[in-house]
Amino acid sequence: MFGVLIRIDSVTKRYPDGTVAVDNLSLEIPDRSITVFVGPSGCGKTTTLRMINRMIEPSEGTITLDGKDITQQPVNTLRRSMGYVIQNAGLFQHRTIVDNIATVPRLLGWSKDRARARARELMERVGLDGALAKRYPYQLSGGQQQRVGVARALAADPPVLLMDEPFSAVDPVVRKGLQDELLRIQGELGKTIVFVTHDIDEAVKIGTMVAVMRTGGHLAQFAPPAELLSSPADAFVEDFLGADRGIRRLSFFSSAGLDLLTSPVVAVDATAEQIAERGANDVPYLLVIGADGRPLGWSEPGALTAGDIDPSRLLAHGRPFEHGKDSLRAALDCAVLSPTGWAVAVSADGRVAGVVSQQTIGEAIRAAHAEGRTDARDSGDAGDAKVAG
Amino acid sequence: MSGGLFDIPSDLQNTYWGLVGLHLREALIPVVVGLVVALPIAQLCVRLRWLYPPVLWVTTILYAIPSLAFFVVLIDYTGQTETTVMIPLGVYSLVVFVPAIVDGVRSVPQETLDAATAMGLGPVRRYFQVQLPIAAPAIIAGLRVATVSSISLVSVGMLIGNQGGLGNLLNDGMIYHQPRLIWLSVVGTAVLAILADALLVLLRVLVTPWMPRGNRRSRPVDEPEPMQAALEDAVR
């Protein structure tokens with residue numbers, strides 16, 4: 001089932017002691033997209049999420065799903081139509097993995113066999129080994145438990161997925177894997193995902209739309225990530241985005257437009273003439289590539305002797321970026337980290353596509369920013385294609 | 001009387017194995033009834049936090065009343081019967097069960113409860129499908145203490161007209177100067193306690209395949225070990 005549109009209309013949550021958790025919040029969560037609520041603790045982001053499945057009832061205002069008020073159906077029916085993923089997964093420790101995932105289908109009256117078959121299908125979808133089906137949660141790592149949490153939320157194919165800091169408790173490497181996996185799954189399923197995090201990098205990475213909230217339950221800005229980075233609404237948002245938002249924004253620009261140079265590239269079995277010819281191009285360094293086309297390392301042209309190139313004596317080439325797939329941020333990072341100041345671009349198969357200087361990347365960034373400003377102005381809605389890296 | 005090891009005086013109007021059966025019945029029925037009564041009380045204490053301390057005080061005070069005092073009051077209503085022995089035993093078990101169940105249910109992580117709520121499990125399903133199963137190890141730990149303590153306490157029923165199961169042998173042993181009868185009573189009671197405890201450990205292993213191995217003890221709640229409880233009871 002595809003996602004639905006959620007509209008939050010003038011919603012306020014006030015507690016009996018007078019604390020206002022969410023203050024007159026209105027926004028439209030687009031269907032088939034990931035909307036991220038981000039902000040410091042106490043900003044009301046989790047409260048907002050929990051009002052969508054009525055774990056918290058708003059004091060004022062309404063929330064509608066595809067135009068229907070969420071209070072118009074029995075609360076447990078509503079909740080069973082919304083997957084829910086929570087920090088630390090919140091798995092049922094006394095049930096096997098397959099039975100954890102089958103929880104909502106069973107509540108909906110599916111037969112045990114059908115629910116378990118569905119659970120196994122989902123394990124595959126979220127990248128879990130089927131051999132784990134009969135295990136118990138304590139036997140899984142944190143990252144695996146979180147995948148089970150996602151599978152459990154998806155089990156009854158709900159149109160809406162609510163995710164409350166789902167990846168906050170796992171280490172950064174695992175978190176990145178889970179984020180990539182979520183984006184992949186979302187590409188396949190097209191749910192309406194509402195995602196809460198305190199991590200602005202996570203918000204920018206996975207969000208189609210990002211709602212930045214500030215303490216007291218105020219919405220500070222609601223915009224696609226690229227727009228958020230290019231034009232923060234106020235000082236709070238700018239501060240929250242951090243000092244390197246300019247660099248981070250480069251994630252949204254493809255490296256496809258970079259002009260690569262192939263002239264400073266020589267094969268490891270190059271002849272003396274080839275080395276001399278390439279070295280004459282006024283470049284301080286040459287990139288040596290192996291017979292398989294992969295980069296071996298940098299060297300000054302004068303230090304290379306035809307037929308006697310020792311790969312172990314070359315300067316390290318650093319991590320190359322994939323031309324066209326990686327972003328300008330990845331390309332810049334390669335250039336900054338490279339001992340020669342030049343970044344190595346490879347194609348999808350890992351063969352060298354060319355090299356590019358910091359100066360060329362700088363020009364591409366200026367061009368992209370000029371273009372980005374016009375883009376941000378005329379496309380305010382969701383759907384920015386994101387560039388990996 | 002042929003003088004066999006398990007022969008007992010005819011005034012008890014029973015065989016040794018008959019007394020063992022009687023002893024078990026008088027010990028275990030109160031434990032089961034106590035558990036059934038404690039479950040709703042404990043659930044109330046979980047839902048209404050303010051209720052827990054007064055309930056604990058009441059169960060502790062009841063536990064402090066000697067069984068003899070209970071007999072004196074109850075004998076007017078229930079006579080010199082097994083029921084008179086079993087009522088105090090059932091009341092005593094509450095002091096173990098209520099905290100064991102409350103701690104067990106409270107030990108369910110908040111995330112787990114939130115996840116259950118968010119998936120559309122109502123309060124009843126949440127209780128039976130999530131809280132109770134996860135509290136099972138703590139409840140069984142309480143069951144072990146209550147069972148062993150109850151088995152040791154039954155003997156006192158001897159005082160109201162041979163209603164003490166194996167305890168009845170103690171009196172006869174003294175009257176007839178037969179240490180063998182004392183041994184039959186004491187060793188028999190101890191063996192029953194050990195067997196019952198072993199069965200409950202087995203039960204816990206069977207119902208909690210989901211607990212990490214090597215850490216099968218429910219959790220570090222300060223429950224007295226059954227042996228310690230039995231010693232305390234012996235002192236009473």
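Predicted model: local features only at pLDDT ≥ 70, side-chain atom pairs only at ≥ 80, totals over all residues.
**View 1. Chain A is built from helices and strands.** Chain A has 14 helices and 16 strands. Its C-alpha trace spans about 80 × 50 × 30 Å along the principal axes. The chain holds 389 residues, and 47% of them are buried. Consider the contacts in chain A with a separation of 6 or more: 64% of these come from residues 24 or more positions apart.

**View 2. Chain A is divided into two parts.** Domain 1 covers residues 6-250 of chain A, and domain 2 covers residues 256-364. How far apart are the centres of domain 1 and domain 2 of chain A? Taken over C-alpha atoms, 43 Å separate them.

**View 3. Three strands of chain A form an open sheet.** The order is β14-β15-β16, and the pairing is mixed. Which strands stand at the edges? They are β14 (321-322) and β16 (352-357) of chain A. Each has a single partner strand, so one side of each is left without a neighbour in the sheet. In general, strands of a sheet pair through backbone hydrogen bonds, either parallel or antiparallel. Strand β15 of chain A, residues 342-346, runs antiparallel to β16(A). Five bridges join these two strands. Look for A:Trp342: it stands opposite A:Ser357 in β16(A). Helix α13 of chain A, residues 328-337, packs on the sheet. This helix touches β14, β15 and β16 of chain A. The direction of α13 makes about 130 degrees with that of β15(A).

**View 4. A:Ser10 has a positive phi.** Phi of A:Ser10 is near 45 degrees, and the residue is not a glycine. A:Ser10 lies in strand β1 of chain A, which takes in residues 6-14. Is A:Ser10 buried or exposed? It is exposed, because 11 other C-beta atoms lie within 10 Å, and a residue with 12 or fewer counts as exposed.

**View 5. A:Asn88 also has a positive phi.** Here phi is about 65 degrees, although A:Asn88 is not a glycine. Where does A:Asn88 lie? It sits in the loop between β6 and α3 (97-101) of chain A. A:Asn88 has 19 other C-beta atoms within 10 Å, so it is partly exposed. The cut-off for a buried residue is 20 or more.

**View 6. Chain B is a chain of helices.** How many helices and strands does chain B have? It has nine helices and zero strands. From the N terminus on, its elements run α-α-α-α-α-α-α-α-α. Chain B holds 236 residues, of which 42% count as buried. Take the contacts in chain B between residues at least 6 apart in sequence: 73% join residues at least 24 apart.

**View 7. An annotated stretch of chain B.** An unreviewed UniProt entry carries the annotation "domain: ABC transmembrane type-1" for residues 20-204 of chain B. Over residues 20-204, chain B is 82% helix and 0% strand. The end C-alpha atoms of this stretch are 25 Å apart.

**View 8. Chain B touches chain A.** The contact takes 16 residues from chain B and 18 residues from chain A. On the chain B side, two elements give two or more residues: α5 (110-118) and α6 (123-153). Which element gives the largest share of the side of chain B that touches chain A? It is α5(B), with six residues. By class, this side of chain B has ten nonpolar, four polar and two charged residues.

**View 9. Helix α5 of chain B has buried residues.** Which residues of α5(B) are buried? They are B:Thr112, B:Ala115, B:Ala116, B:Thr117 and B:Ala118. Their cover includes α2 (75-80) and β6 (82-86) of chain A, together with α6 of chain B. After α5(B) comes B:Gly120, whose phi is positive, near 90 degrees.

**View 10. A closer look at B:Thr117.** B:Thr117 lies in helix α5 of chain B. Why does B:Thr117 count as buried? It has 21 C-beta neighbours inside 10 Å, and 20 or more make a residue buried. Leaving out residues up to four places away in sequence, B:Thr117 touches A:Met55 and B:Arg126. B:Val187 is 70 residues apart from B:Thr117 along the chain. The C-alpha atoms of these two residues are separated by 51 Å.

Methods:
Residues numbered from 1 in each chain as written. Chains lettered and ligands numbered in written order. Contact = placed C-beta atoms within 7 Å. Helix = DSSP H or I, 4+ residues; strand = E, 2+ residues; numbered from the N terminus. Nonpolar A, V, L, I, M, F, W, Y, C, P; charged D, E, K, R; others polar. UniProt positions renumbered as here; feature names shortened; annotations may be inferred. Pairing = 2+ DSSP bridges. Axes fitted to C-alpha atoms, helices over the stretch in contact; angles between N-to-C directions. Domains from an automatic or database assignment.
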